[in-house]
Amino acid sequence: MMPLQLNQEETVTQADDRGFFEEKVIGLLDQLFGAAMRLVKNREDAEDLVAEAVTKAWASRRSLKDTENFRPWIFRILTNTFISDCRKRAVRPQTETLSENPSDAETAFSLFEELHQPFLLWWGNPEKEFLNKLLREDLAKAVDALPDLFRIVVVLSDLEGFSYQEMAGILKVPVGTVRSRLARGRGLLQKALWRHAKEAGLIKESKKSSERFYEKDKNDRL
Amino acid sequence: MKKIKTIGCEEALKHLLAYLDQELGPAKRRELEHHIEICRTCFSRAEFEKLLKTQLREAGRETVGAAFEEKIKSLLGRF
């Protein structure tokens, strides 16, 4: 009697699981695909990554202890699938020359500090003008240029809105590591945007504009 | 009412991103909010970082095509 009852219960639970799983996956599909796009950088590979992650997630659905955690759980599978695919393709994680030490110059790089001109406050806002000029693809390209390790945390945090604690769970690293990778990743991202903006001619030489300002200021004061 | 500790720019910048990520505890959050109320540069910086974060999130938004959604649905159907 007992084993038969258990089997029946199990069948019912699995059927429930399947409906629940499908609803969740379809609901998160755009987000999963968005993250995958920034991880593998093209549509075809992103579709493959999502399909692979969904298949793996279904196979390991019993590891989901709390259905409330479905989102971080499936993003963890997506991220791990990406990392293990990199390894399979013998693509070395792009970290060799990059320490995780957040005190490096890249972390200290700040777009704001490059752009902000306090004496211009009452007439313009160069840093906001800069952001207004950036196109979606400028930002996507800057994210794509990040080394894998840092790109993952920027994607999980800035694009997908996961908390530090959730990211620590997704990546199985301490919260402190999440913080330092994120600081480093954001610094590198801002540096990439700055470089790109200079190359694309989005930024005028700041020295010149400050010289112009002083000229004007002198005249105004007279 | 408990007095809010006044912090300098260096201390504020150290915690700015955690603040924008909504990862600061209530005491630190109050200190930072107090600082950006009185410091024009840090206020501008907070606005800048917030806007960049919003733009990044929007840049990361993707919509799957109908064909891919069908593919996933048929994959799910085989489970």
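This is a predicted model: local features need pLDDT of at least 70, side-chain atom pairs count only at pLDDT 80 or more; totals for chains, interfaces and linings use all residues.

Residues are numbered from 1 along each chain as its sequence is written, chains are lettered from A and ligands numbered from 1 in the order in which they are written, and side-chain values use heavy atoms, with hydrogens and water left out.

Chain A contains 11 helices and 0 strands; helices (H or I, at least four residues) and strands (E, at least two) are DSSP runs, numbered from the N terminus. Of the 222 residues in chain A, 45% are buried. Here buried means under 20% relative accessible area, exposed means over 50%, and partly exposed lies in between (1.4 Å probe, protein chains only). Contact means heavy atoms within 4.5 Å. Among the contacts in chain A between residues at least 6 apart in sequence, 72% join residues at least 24 apart.

Helix H6 (residues 126–133) of chain A shows how one helix is placed. Its residues Pro126(A), Glu127(A), Phe130(A) and Leu131(A) are buried. Viewed down the axis of H6(A), the buried residues fall within an arc of 140°, so they line one face of the helix; the arc is that of the directions from the helix axis to the C-beta atoms. These buried residues pack against helix H5 (111–115) and helix H10 (175–199) of chain A, together with H3 of chain B.

That last partner leads to the interface. The size of an interface is often given as the accessible area lost when the parts come together. Chain B and chain A bury about 3,700 Å² between them, 63% of it on carbon and sulfur atoms; buried area is the accessible area (1.4 Å probe) that two parts lose on being put together, summed over both. In chain B, Phe48(B), Glu62(B) and Phe79(B) lose the most area to chain A, together 19% of what that side buries. In terms of contacts, 35 residues of chain B touch 46 residues of chain A.

The rule for polar contacts finds 14 residue pairs across this interface (both at pLDDT 80 or more). A polar contact is a pair of N or O atoms within 3.5 Å; within protein, one must be able to donate a hydrogen and the other to accept it, and residues adjacent in sequence count only if both atoms are side-chain atoms. On the side of chain B that touches chain A, the elements giving two or more residues are H1, helix H3 (40–59) and helix H4 (66–77) of chain B. The largest share of that side, 15 residues, comes from H3(B). By class, the side has 14 nonpolar, 7 polar and 14 charged residues, where Ala, Val, Leu, Ile, Met, Phe, Trp, Tyr, Cys and Pro count as nonpolar, Asp, Glu, Lys and Arg as charged, and the others, Gly among them, as polar.

Which charged pairs are present? A salt bridge is a side-chain nitrogen of Lys or Arg within 4 Å of a carboxyl oxygen of Asp or Glu. By this rule the count over all chains is 20, and 6 salt bridges cross the interface of chain B and chain A. One of them joins Glu113(A) and Arg45(B), with the closest N and O atoms 2.8 Å apart. The side chains of Glu62(B) and Arg136(A) also meet in a salt bridge (3.8 Å, N to O). Glu62(B) lies in the loop between H3 and H4 of chain B and Arg136(A) in helix H7 (residues 136–144) of chain A, so the pair joins two chains. Glu62(B) is buried, at 12% relative accessible area, whereas Arg136(A) is partly exposed at 39%. Both belong to a network of salt bridges that links Arg38(A), Arg43(A), Arg136(A), Asp144(A) and Glu62(B).

Within chain B, the side chains of Asp21(B) and Lys53(B) form a salt bridge (2.7 Å, N to O). Asp21(B) lies in the loop between H1 and H2 and Lys53(B) in helix H3, so the pair ties together parts that are 32 residues apart in sequence. Asp21(B) is buried, with a relative accessible area of 13%.

The backbone comes last. Most residues other than glycine have a negative phi. Gln22(B) has a positive phi of about 55° although it is not a glycine; Gln22(B) is exposed, with a relative accessible area of 73%. In chain A, phi of Lys41(A) is near 75°, and Lys41(A) lies in the loop between helix H1 (2–40) and helix H2 (43–59).
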